[in-house]
Amino acid sequence: MISVTKPFLPVRESFDKYVDRIYQSNWLTNFGPLERELTEKLKQYLNVENLLLVNNGTLAMQVLYRALDLKGEVLTTPFSFVATTSTLAWENLKPKFVDIDSTSLNINPSLLESQISSKTSAILPVHVFGRACDVWQIQEVAEKHNLKVIYDAAHAFNVITHENRNILSYGDASTLSFHATKLFHTIEGGAIIAKDEAVIKECKKLINFGIAGYDRIEGVGTNSKMNEFAAAMGLAVLENIDDIMAERQRVHETYNKLINAELLPNSIETASNNFSYYPILLKDENICLNVRDNLLANEIMPRRYFYPSLNTLDYVKYQKCPVSENISKRILCLPMYPSLTDEDISKICKIVNYVSK
Ligand SMILES: Cc1ncc(COP(=O)(O)O)c(C=O)c1O
């Protein structure tokens, strides 16, 4: 079976050398030496000043909402993985859906203002598939209405804008997911990146039960620390990041050569592509399901990322988002990972091109 993604595993020696250090230090979790080393290496690699590692991308978001004291309504995109909405609901925040732009597939900044009310406290866009949001227009609206901007950047590891800045440096804060299937991973893990160092300090307290010092607890915390084995995997994967990126680019370019070009979403002009996903847009839902079923019959597993449109979830108040609802019914992500062979890509494209005709 060729799956939509395949976790990258570094060679054993590379991982083992970090595991040996864990056995020597006997320090397994609670801000250990490897967690600290990974924090510093990622800050340098991503060119960001304030970064906190956590145990997954979902808790990164929930902790951040608390650290920024979000209340009431949050404007967000309906076209994303379910965690973008469920984290808000879990924290008793009300998602207010703003439809997406059909070109970028990200929240449509020109629709934001019409959805702002006296209860709105923040905007939560997603750089979906690593495709950069219009961070400039979003910032303008946020400043005008005094709203916080948090980017769910789960897919946006290694995206550089035309201003030569990492996409994680925009807005008040961003969160990353380092789940095993992501282009950079720590098996399970994530990170919070914030403009303000005080926000990271607050998050660091919140992810450790609210412990603020010896014998001192401040406020309601949780447990969301990254353990040393996860950090070891992160350090070993980071050693391979250039090869991972190059391989993903090869897969992306091979698809581009072989797939019917009309199926590709437009590229983003304002930022680099991190080759994290390979989405295609079919003409309608029937063709989309037909392509999926034909791929499955050939032991190839694409995914309907992202379906359903999140404004249709059973625990949110339905708000019409015609563009997102339309796109989510006819989008498919094809297999995308470093070791995917040209032969496999060719086989996938033949099926897609034939069935979608
Ligand atoms: C857009 C988005 N946000 C949040 C998450 C949650 O991250 P995690 O799986 O690390 O909890 C994911 C996970 O895949 C995601 O795709």
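Mentor: Start with Leu176, which stands opposite Ala191 in S7. The model is predicted, so local features need pLDDT of at least 70, side-chain atom pairs count only at pLDDT 80 or more, and totals for chains, interfaces and linings use all residues. Numbering starts from 1 along each chain as its sequence is written.

Strands here are DSSP runs of E, at least two residues; helices are runs of H or I, at least four; both are numbered from the N terminus. Two strands pair if DSSP finds at least two bridges between them. Elsewhere along this pairing, Ser177 stands opposite Gly190.

Now the strands themselves. S7 (residues 190-194) is mostly covered, with 5 of its 5 residues buried. Buried means 20 or more other C-beta atoms within 10 Å of the residue's own; exposed means 12 or fewer; partly exposed lies in between; C-beta atoms are placed from the backbone. In a regular strand the side chains alternate between the two faces of the sheet. In S7, Gly190, Ile192 and Ala194 point one way, and Ala191 and Ile193 the other way. S6 is also mostly covered: 5 of its 5 residues are buried. From S6, Ala173, Thr175 and Ser177 point one way, and Ser174 and Leu176 the other.

Other strands join in. S1 (51-54) pairs with S7 in the antiparallel sense, over 4 bridges. There, Leu51 stands opposite Ile193. S5 (residues 148-152) is joined to S6 by 3 bridges and runs parallel to S6. Tyr151 stands opposite Ser174 in that pairing.

Back to Ala191. Leaving aside neighbours within four places in sequence, Ala191 is in contact with Leu42, Leu51, Leu52, Leu53, Val54, Ala60, Thr175, Leu176 and Phe178. Contact means that the C-beta atoms, placed from the backbone, lie within 7 Å. Ala191 also has a place in the largest nonpolar core, which has 100 residues; Val54, Val63, Leu64, Ala191 and Ile192 have the most contacts inside it. This core draws at least three residues from each of domain 1 (12-238) and domain 2 (241-355). A nonpolar core is a set of buried Ala, Val, Leu, Ile, Met, Phe, Trp, Tyr and Cys residues joined through C-beta atoms within 7 Å. In soluble globular proteins, nonpolar side chains tend to be buried together.

A helix packs here too. In H7 (residues 197-206), Ile200, Glu202, Cys203, Lys204, Lys205 and Leu206 are buried. The buried residues of H7 pack against S1, H3, S7 and strand S8 (211-213).

Asn55 sits between S1 and H3. Asn55 counts as buried because 21 C-beta neighbours lie inside 10 Å. Not counting residues up to four places away in sequence, Asn55 touches Glu188, Gly189, Ser224, Lys225 and Met226.

Then the ligand. Surrounding it are 14 residues, the closest being Gly57, Thr58, Phe81, Ala154 and Ser177. Helix H3 (57-67) and helix H4 (83-90) are the elements that give two or more residues to this shell. A residue is near a molecule if its C-beta atom, placed from the backbone, lies within 6 Å of it. By class, the shell has 4 nonpolar, 9 polar and 1 charged residues. Ala, Val, Leu, Ile, Met, Phe, Trp, Tyr, Cys and Pro count as nonpolar, Asp, Glu, Lys and Arg as charged, and the others, Gly among them, as polar.

Last, the domains. Their bounds come from an automatic or database domain assignment. The centres of domain 1 and domain 2, taken over C-alpha atoms, are separated by 24 Å. The contact takes 33 residues from domain 1 and 29 residues from domain 2. On the side of domain 1 that touches domain 2, H4, strand S3 (94-97) and helix H8 (228-239) are the elements that give two or more residues. H4 gives the largest share, 3 residues. The residues of that side divide into 20 nonpolar, 11 polar and 2 charged.

Technical notes. Contact = placed C-beta atoms within 7 Å.
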